[in-house]
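Hi everyone, thanks for making time. I'll walk you through one model today, in two stops. Have a look at the screen first.

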Amino acid sequence: MFFIVWGSRGRNKEIGAGEFYCPDCGDYRAYKKIAVTRWFTLYWIPLFPMGKPVGEYVECGACKSTFNERVLEMDPKAAAEKFEAAFSIAAKRVMFKMALADGEIDQSEIDTITQAFANIAKREIDPADIAAELEAAKSDTRPVAEYLRGVAAGMNDTGKELVLRSAIAVAKADGHIDDTEVVEMHELAFALDFPKAYANGIFMEEGIQPITKQRG
Ligand SMILES: [Zn+2]
C-alpha cells in the first residue's frame with residue numbers, strides 16, 4: 001500500500017526580545033516573544049505555513065515560563081516609582097497647606113516639613129524648592145481631597161498614617177494648634193479615607209480634638 005502522509009504542526013519563531021518583569025522570577029529578566037504558526041507537513045517535513053500565526057507568547061529567558069504577551073505591559077517598578085512621585089508631591093503639598101492653615105509660616109514649620117519630607121520621600125527637599133512650594137501651596141485653592149485624589153487610593157494604612165502624622169507634626173511645629181488646623185486635619189483624615197476610629201486614635205494620641213461629625 002502507498003500512503004501520502006500529510007499533516008500539520010506548530011512551528012515557533014522568535015519575533016521579538018527584550019527585558020520584562022517575569023512574575024514567576026519576581027524580577028526583571030530577558031524574554032523572547034514567540035509566534036506559533038501551523039505548518040503543512042508532508043512526511044513530517046514542514047513545507048509551508050498555513051495562514052497567520054495562531055498565537056504569540058512570551059518566554060522568560062531564565063525560568064522558561066511562558067506568558068500571554070500582555071505580561072509585557074506589567075512594570076511594577078515603574079508603577080511604584082510613579083506612585084512614589086505622586087505620593088511625595090501630595091504629601092509635600094499637604095504639609096505646606098497645613099503650615100499655612102494658621103495664616104503664617106515660620107522656620108520651625110519649614111524645618112519640620114524638611115524633616116518629614118525626608119522621612120516620606122527618602123530624599124532631601126531642595127531648599128530652593130521651599131519658596132516655590134510655598135507659593136504653589138498658597139495659590140492652590142483646591143480642597144485637600146482633590147489633590148490627594150488618585151494617591152490616597154493607592155496608599156496603605158502605614159502610608160496614610162505617615163502623611164497624617166507629618167501634617168500633625170507641621171501643625172504642632174509653631175507650638176500651638178488652632179481651630180483652622182484642626183479642621184484641616186480632620187479634612188485630611190477624610191481625604192485619606194481613614195476609618196474614623198483609626199484617625200481618632202491618632203488624634204487622641206497626639207492630643208488633638210477628635211472627629212465628631214459624620215462624614216459628608
Ligand atoms: Zn522567569
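Predicted model: local features only at pLDDT ≥ 70, side-chain atom pairs only at ≥ 80, totals over all residues.

Let's start with helix 5, residues 157-172, and helix 6, residues 179-191: they pack at an angle of about 175°, and their axes are 10 Å apart. Now, roughly antiparallel needs an angle over 145 degrees, so helix 5 runs roughly antiparallel to helix 6.

Who's touching whom? On the helix 5 side you've got V163, L164, A167, I168 and A171, and helix 6 answers with E181, M185, L188 and A189. If you sort the residues of that contact, you get 8 nonpolar, no polar and 1 charged.

Which protein atoms hold the donor positions? They're the SG atoms of C22, C25, C60 and C63, sitting 2.2 to 2.4 Å from the zinc ion. Along the sequence, those donor residues follow the spacing C-x2-C-x34-C-x2-C.

For reference, the ideal angle for four tetrahedral donors is 109.5 degrees.

One last thing on that pair: is C22 buried or exposed? It's buried, at a relative accessible area of 0%. C63, on the other hand, comes out at 31% relative accessibility, so we call it partly exposed.

Technical notes. Residues numbered from 1 in each chain as written. Heavy atoms only, no water. Donors = N, O, S within 2.8 Å, 3.2 Å for Na, K, Ca; no water. Buried < 20%, exposed > 50% of the residue type's maximum accessible area, 1.4 Å probe, protein only. Axes fitted to C-alpha atoms, helices over the stretch in contact; angles between N-to-C directions. Helix = DSSP H or I, 4+ residues; strand = E, 2+ residues; numbered from the N terminus. Parallel < 35°, antiparallel > 145°, perpendicular 65-115°, else oblique. Contact = heavy atoms within 4.5 Å. Nonpolar A, V, L, I, M, F, W, Y, C, P; charged D, E, K, R; others polar.
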